[in-house]
Amino acid sequence: MRSVAASGSASGLVTVLFALAILGGPASPVPGQEGSPAVTFASPDGSRAMESTERLSVVLPPGTEDRTVRVLFSVDGRRVCVAEAAPFECSWDFGGDGRARVIRAVAELDDETRLVARVHTPMRMSIRFRTSVERVMVPAVVTDREGRYLAGLPVERFVVFEDGAPQEISYFEAPADRSQLDLAIAIDISGSMAPVMPGLKTSVKALLASLRPDDVVTLLAFNQRTFLLSRQEPDRAHLASLIDDLQPSGLTSLYDAIVRALDALDESNPRKAVLAFTDGEDRSSFRSPESVEQRVLDTGAPLYVVTLGPNSETDAIVETVGHLATVSGGQVFRADEPDELDRALAVFRDNVSNAYFLGYSPVDAASQEAEPVERFRQIRVRIRNSDGYQVRARAGYRR
């Protein structure tokens, strides 16, 4: 580094520093060098440990957003994502270890100036408290041998098992007593969706029109990023206009979109579901399939996925997301042709309309001590005196 003492004396250095203080601080960053941390983090803010998929977002100084070429994010010295357009944000899965982290953002401007910001997040408290599960909610769809829905069964016909032990049903909602549906719809808008997008828009708008007036819809669009377009919106016309405005571009981050859709649901509403549309294999998610499965199990909302288009990699999609849908009590539909899409949405609508919701408090929840590692608790639902009835229900949860 060049010495400011080249002018001759220590008093000259003091004069320079005093002048800088009067002028408001150090000089502006020069091209090709890292400047002062003029960028600030909007998220995270350093107040808590990072334990799941988190949004990384920065606020740029006034007058620099239009000059910013890209923002590079790194965690503990490892680059995790690059944002190349406003609002200069992305997501990254921090995992569940709750470690302290150093998160760094570098904004590169069009004149090669680099503006740097850092944020330190704390470690999660290492003390593990005993976990108590007050109530587990289980959505269940019952059909006969011919696949016809059975919507009039009383609570006495249901038996719920957790890890093989029968549970007392403390909450029961039959299809006839159906409460408000909280539905999250995630639409793939990657570039390869262009051929199927017109038909998809028409079919999704028809689905929205068929929902009950009190049902609410969260609408998301995703390519390599996920965009939350509406949150628990009852206005069908507004939702239709948002769908009409969708334009395909970019890659596919299906896993990230599924988690974002699950996170947008109302935890207090037992009647909820996620419906995702995609045509391509996930190539750009930060989320792994294992972390998505954990979030699906935690949420308890059935996941439905519709794969689209005759030229898509649907075999790979069905294999990957089929397990996620199964453990949640949902389904995967393959719709290579437009009429198949409409049939798939009709089945989806029938599923959510004919679902039962069962709740129980695990018999050992009040007495069980904390375990060193959470484990999967298997749920099984049976119908008493059934003659070949089929039950599709949530497969379990972790505690």
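**Exercise 1. Determine how helix 2 and helix 7 are oriented to each other, and describe their contact.**

*Solution.* Helix 2 and helix 7 are roughly parallel to each other. The steps below show how this is reached in this predicted model.

Step 1. The axes of helix 2 and helix 7 lie 10 Å apart, and the packing angle is about 25 degrees.

Step 2. Angles under 35 degrees count as roughly parallel, so the pair of helix 2 and helix 7 receives that description.

Step 3. The crossing of helix 2 and helix 7 is right-handed.

Step 4. On the side of helix 2, the contact involves Gly199, Leu200, Ser203, Val204, Leu207 and Ser210. Helix 7 contributes Leu341, Asp342, Leu345, Phe348 and Arg349.

Step 5. Sorted by class, the contact of helix 2 with helix 7 holds 6 nonpolar, 3 polar and 2 charged residues.

**Exercise 2. Find the angle at which the axes of helix 2 and helix 3 cross, and classify the pair.**

*Solution.*

Step 1. Helix 2 covers residues 197-210 and helix 3 covers residues 236-244. Their axes come within 10 Å and cross at roughly 170 degrees.

Step 2. Angles over 145 degrees count as roughly antiparallel, and helix 2 is therefore roughly antiparallel to helix 3.

Step 3. Lys201, Val204, Lys205 and Leu208 of helix 2 meet Arg236, Leu239, Ala240, Ile243 and Asp244 of helix 3.

Step 4. By class, the contact of helix 2 with helix 3 has 5 nonpolar, no polar and 4 charged residues.

**Exercise 3. Identify the residues that touch the most other members of the largest nonpolar core, and list the contacts of Ile187.**

*Solution.*

Step 1. The largest nonpolar core has 32 residues, and those touching the most other members are Ile185, Ile187, Leu200, Leu275 and Phe277.

Step 2. Among the elements that each supply at least two residues of this core are strand 12 (182-188), helix 2, helix 3 and helix 7 (338-353).

Step 3. Neighbours within four places in sequence are set aside for Ile187. Ile187 is then in contact with Leu200, Val204, Leu219, Leu220, Ala221, Phe222, Ile243, Leu246 and Phe277.

**Exercise 4. Locate Pro122, and decide whether Pro122 is buried, partly exposed or exposed.**

*Solution.*

Step 1. Pro122 belongs to the loop between strand 7 (114-121) and strand 8 (136-143).

Step 2. The relative accessible area of Pro122 is 32%. Buried means under 20% and exposed means over 50%, so Pro122 is partly exposed.

Step 3. Although 72 residues separate Pro122 and Met50 in sequence, their C-alpha atoms are 8.1 Å apart in space.

Notes:
Residues are numbered from 1 along each chain as its sequence is written. This is a predicted model: local features need pLDDT of at least 70, side-chain atom pairs count only at pLDDT 80 or more; totals for chains, interfaces and linings use all residues. Side-chain values use heavy atoms; hydrogens and water are left out. Axes are lines fitted to C-alpha atoms, for helices over the stretch in contact, and angles run from 0 to 180 degrees between N-to-C directions. Helices (H or I, at least four residues) and strands (E, at least two) are DSSP runs, numbered from the N terminus. Angles under 35 degrees count as roughly parallel, over 145 as roughly antiparallel, 65 to 115 as roughly perpendicular and the rest as oblique. Contact means heavy atoms within 4.5 Å. Ala, Val, Leu, Ile, Met, Phe, Trp, Tyr, Cys and Pro count as nonpolar, Asp, Glu, Lys and Arg as charged, and the others, Gly among them, as polar. Buried means under 20% relative accessible area, exposed over 50%, partly exposed in between (1.4 Å probe, protein chains only). A nonpolar core is a set of buried Ala, Val, Leu, Ile, Met, Phe, Trp, Tyr and Cys residues joined through side-chain atoms within 4.5 Å. A crossing is left-handed if the near helix is turned anticlockwise from the far one by less than a right angle, and right-handed if clockwise.
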